Amino acid sequence: MQHKILIAEDDTDISRLLSRILEAQGYQALQAFSGTEALSLIEREEPDLLLLDLMLPGLSGEELLRKLREERRYSFPVLVLSAKSALGDKVALLKSGADDYITKPFEPEEVIARIQAALRRAGSSGSLSGQQPDALAYGNIKLYPDSRRVLVSDRELSLTAHEYQLLRLFLQSPGKVYSRESLYELVWEGGYYGENNTVNVHVSNLRRKIREADASREYIRTVYGIGFRLG
């Protein structure tokens, strides 16, 4: 299947470069040069992944990301491309629902590797286990691997690909303590390079979404000095 990737970038040279990089790898590249145009294309074309520049005219990248995650409930991967390299900027975007953050200037090989990893996570619900149960359940949480649906107290959650994979991992082994290093290696499928903030932000987002649907208990607990566990 040919994946459809939307490039939301107002710099025509960068957009053209990204299109060539993607098409050389067999992807279908779509281009939008403003946040409003990107939103329109998303609703019409339903891309598999969004490469998002922050400094878009009209609807900014941050505003578009919030609209996609909070209002429209889209769950496809969003990879931010930005010249901003400060840790605070990255953390804020991860909290807003971005799946990854690539700092400009970038290497084509890095962009392709991160796209491949994001698409693999989004499309491989069985990647963390060979089993395909009808549902994984704990308390009022139910996760359906085949449809990638998550219900908490019968309310459907809208999760990013990383949040979904984290929850699936926790549900497979309730009570098991996962270190931040192991979560990063299992969910992000890469070597651990001290990415504590990345793991912490996504676990925090997941906790918040579960709590909004069921405030009766704390499902994901912090094991201080080690990591996290379910239950």
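A salt bridge is a side-chain nitrogen of Lys or Arg within 4 Å of a carboxyl oxygen of Asp or Glu. The model discussed here is a predicted one, and it holds 14 such salt bridges.

A few of these pairs deserve a look. Lys4 and Glu45 meet through their side chains, with 3.4 Å from N to O. Lys4 sits in strand S1 (residues 4-8) and Glu45 in helix H2 (residues 35-45), so this bridge links distant parts of the chain, 41 residues apart.

Next up is Asp99, which forms a salt bridge with Arg69; here the closest N and O atoms are 2.7 Å apart. Asp99 lies in the loop between H4 and S5, and Arg69 belongs to helix H3 (residues 61-71), so the bridge ties together parts that are 30 residues apart in sequence. Both Asp99 and Arg69 are buried.

Glu156 and Arg149 make another pair, with their side chains meeting at 3.5 Å, N to O. Glu156 is partly exposed, at a relative accessible area of 46%, and Arg149 is partly exposed too, at 34%. Salt bridges can also join up into a network, as happens with Glu9, Asp53 and Lys104.

Now for the nonpolar side of things. The largest nonpolar core has 27 residues, and Val150, Leu166, Leu167, Phe170, Leu183, Ile210 and Ile220 are the ones with the most contacts inside it. At least two residues come from each of strand S7 (141-144), strand S8 (149-152), helix H6 (161-172), helix H7 (180-187), helix H8 (196-213) and strand S12 (227-230). H6 gives the most, with six residues. As for Val150, leaving aside residues up to four places away in sequence, its contacts include Leu143, Leu157, Leu159, Tyr164 and Leu167, along with the salt-bridging Glu156. Apart from this core lies another, of 22 residues, with Leu6, Leu59, Val78 and Leu93 among them.

Val78 and Leu93 turn up again around Ala98: not counting residues up to four places away in sequence, Ala98 touches both of them, plus Leu65, Val80 and His202. Ala98 is placed in the loop between helix H4 (87-96) and strand S5 (100-103). Pro77 is 21 residues away along the chain, yet its C-alpha atom and that of Ala98 are separated by 7.3 Å.

Key. Residues numbered from 1 in each chain as written. Predicted model: local features only at pLDDT ≥ 70, side-chain atom pairs only at ≥ 80, totals over all residues. Heavy atoms only, no water. Helix = DSSP H or I, 4+ residues; strand = E, 2+ residues; numbered from the N terminus. Contact = heavy atoms within 4.5 Å. Core = buried A, V, L, I, M, F, W, Y, C linked by side-chain atoms within 4.5 Å. Buried < 20%, exposed > 50% of the residue type's maximum accessible area, 1.4 Å probe, protein only.
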